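Hi,

Here is the structure I promised to pass on.

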Amino acid sequence: MAPEKNMDLGKFRNEICDFLNNHIPDDVWEAVAKTTSYFPAFSAVMTMHKLLATKGWSVVNWPEEYGGPGWSDEQRRIFFEEYCSRGLPMMAPQSVGMVAPAIMKFGTAEQKAKYLPPIASGADTWCQGYSEPNAGSDLVSLQCRADSDGDHYIINGQKTWTTWAFEVDHIFLLVRTSSEGRPQAGITFLLIDSMSLPGMEVRPIIGLDGMPEQAEVFFDNVRVPKTQVLGTENQGWTVAKYLLEHERAAGGSFQFVLRRELDKLRTLANVTDDGHGSKISSDPVFKQKCAELEVDWRCLAASENYARRIGSNHPEAAHMASLIKLESMNLTQHISELALDISGTLALVDQQLALHIGSETPPIDPIEVLTVMPTYLNQRASSIFGGSHQIQRDILAKLVISK
Amino acid sequence: MSKLPPDILAQLAESAQKFISNEYSFTHRQALASSTIGYSEKHWQMFADLAWLAIPFNEEHGGLGGNIADISGLLEQFGYGLIIEPYISTVVLAGHVLSNANDSPLSQELTAQIISGNVHISLAWQERQSSANVMNIKTTATETEDGYLINGEKISVLNGLNADSYIISAQSQNTKTPSLFFVAADTKGLSAQHHQLYDGHRATTLQLQNVLIPKQNQLVVNAEELLKETMTVGMYALCCEALGSMEKLLEMTIEYAKIRKQFGVPIASFQALRHMISDMYVTLKKTRCLNEQIASQWVHHSPSPQDIAALKVQTGKAAHFISRNAIQIHGGIGMTNELEVGHYVKRLTTIDGLLGNSQYHLASLANSL
């Protein structure tokens, strides 16, 4: 049933469209055109966050009591459809979709009052201090230590792959507070109010595409009050797991993002010569590959819709979270691969300078190839971050085989 | 099949291995890639001294008298060591044209200059609309009283930054067939825009506006056969380089899987990863077999268009498969610019893109069956 049959939803969609068509600043559209990663330019993310906050639309998945708009599932779907199909940057997931739900679930009244409103407004931004050099897929073996010193902890150790650590002002952290019992039992979840406490150091990591996106974060005797624990000491793994489920289930809107990517692929094919007087879009090899991706897209969209219908308390919810992570990231990668396959040699040119927002270096013609290679390189991470494909398959195997 | 005697080939292989282990640390390579000219002139002179630049040229022109199969081992070493010196553009592509051009004083002189390491010459064949079709040429050459007047645009000219001169393909307005012309880089009317590629190599877009060259600069008339053969030779050279890079990626991945521990054990003990590594090996080995079979049959005639297209398709597919799995098994660290892995991946990705990628040649193959 088309939602527009319901007059209120039709009006709702018009209001969203009107805003998105008329009130987005140029630098955000520039960032949209130059996005080469799962993570768009941070400045554009925060511009949009603050802009949406003025409408009360920055945290649409949050319950109303914490500042959500109180929309129905259908309204949220319409919003994401209109928002994502324009390629606009999603709100920073680490803040809005990870630490915030964890604070809602495990936080004290004081923590909720202190942290949630500035996340909703965009005043506070967070990064995720989980992975360490020797604790990636095996997260539970993490070694970053918080030793008790009166009413403070003293933190020593290192985090890595911390996306946007050099952009944000807060970090949530998994630390080891005990080596007794199972490794899960000695982990504590900490909320850190600054990225520049004495003893903290952030070093950006340059990716294959030449851009900094992740960072290493070092802790050398960093003092943090014990009131910064979320949940209770040594119970951080429960919080961490809850948050990871939110990370995997985030958004539920890959179908709209990837619909746009598939359409961009066609545009690229329409402007690219096949060398024999026609465009790549009429090349049978391209057409077949593209048709296969269309089938994959339909399966993904149907899977997301199913997951949304059954909700997060259904026995299959965990299956669907891993399935969607696998399938959405596979499709993301395959689209970037086909884009590279059909681009000419001009896509091989390193155009980092032209990719910066506000850059005065013009992209080389045709502009469609500008993002192809950096996107291809960057998207190699899609099957690694947020639980690698191998970890997702292990999770699924456990769920499916033990049934 | 090789033309050079086995002892010469063994010497070449040994000198290449020595060069890579003694002269080519990854840090040094990266410094060269980001330097102004993008390679080392000192290395290039070593290449000349070691006779690497002479291999495919005839003995009467000062070469070693080898053929394409004789440089395959060297190119594989170049791939293994991630060598950034522009061997393929100057020696393989431009070199092949000169070896087969009219036996004029000009082409003899240029050959001698390449062998001595004194010049770089780049073949400018590709155009905006041509994809990898070497016969799709819009650049024109009009004969005038003073010589030839050339107009058009060439893209992705390898090592154009360092080229002292270019060999340019253009439609001759008289014969309506493609010819090849020698154009010095400082010729009036020629303008160049130089780019760096993601793998660190350099490529240039050339604009030719009423470029006037003397008549003796026409190197080849009716160049269709030679252009196609040069593409074949260049594709084969790229495929050999790719073999070395894939070999190194597989080695690094196996090494890493053995030392990287998660869940208390080396990740090489996980069946899922063991199977990925097996598949990488299978992919590389069958690509190598195909490559070697094509080389061994390369005696009296070049490989058929279908054979060379199949090799380029398979090499491109293998390059992507091995690259993607190498990164996946390395995990996050494989995504960093600091580690060698990503730079091998970028070179392999570029190799697939040059002289027609797997998509292009798969379509040609499909149309030829």
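Below is what came out of it, going from the chains down to a single residue.

A word on conventions: this is a predicted model, where local features need pLDDT of at least 70, side-chain atom pairs count only at pLDDT 80 or more, and totals for chains, interfaces and linings use all residues. Residues are numbered from 1 along each chain as its sequence is written, while chains are lettered from A and ligands numbered from 1 in the order in which they are written.

Let's start with the two chains together. Chain A puts 31 residues in contact with 36 residues of chain B (contact means C-beta atoms, placed from the backbone, within 7 Å). On the chain A side, strand S6 (200–206), helix H9 (284–310) and helix H10 (317–342) each give two or more residues; helices (H or I, at least four residues) and strands (E, at least two) are DSSP runs, numbered from the N terminus. That side divides into 13 nonpolar, 11 polar and seven charged residues (Ala, Val, Leu, Ile, Met, Phe, Trp, Tyr, Cys and Pro count as nonpolar, Asp, Glu, Lys and Arg as charged, and the others, Gly among them, as polar).

Chain A itself splits into domain 1 (3–91), domain 2 (126–236) and domain 3 (252–401), with bounds from an automatic or database domain assignment. Between domain 1 and domain 2 of chain A, the C-alpha centres are 31 Å apart. Four residues of domain 1 and five of domain 2 make the contact there, and the domain 1 side has two nonpolar, two polar and no charged residues.

Over in chain B, now, where does B:Leu158 sit? You'll find B:Leu158 in strand S3 (residues 148–158) of chain B. B:Leu158 counts as buried because it has 27 C-beta neighbours inside 10 Å (20 or more other C-beta atoms within 10 Å is buried, 12 or fewer exposed, in between partly exposed, with C-beta atoms placed from the backbone). Leaving aside neighbours within four places in sequence, the contacts of B:Leu158 are B:Pro86, B:Ile88, B:Ser89, B:Ser122, B:His201 and B:Ala203. B:Arg202 is 44 residues away from B:Leu158 along the chain, yet their C-alpha atoms are separated by 6.1 Å.

Cheers

Definitions and conventions:
Contact = placed C-beta atoms within 7 Å.
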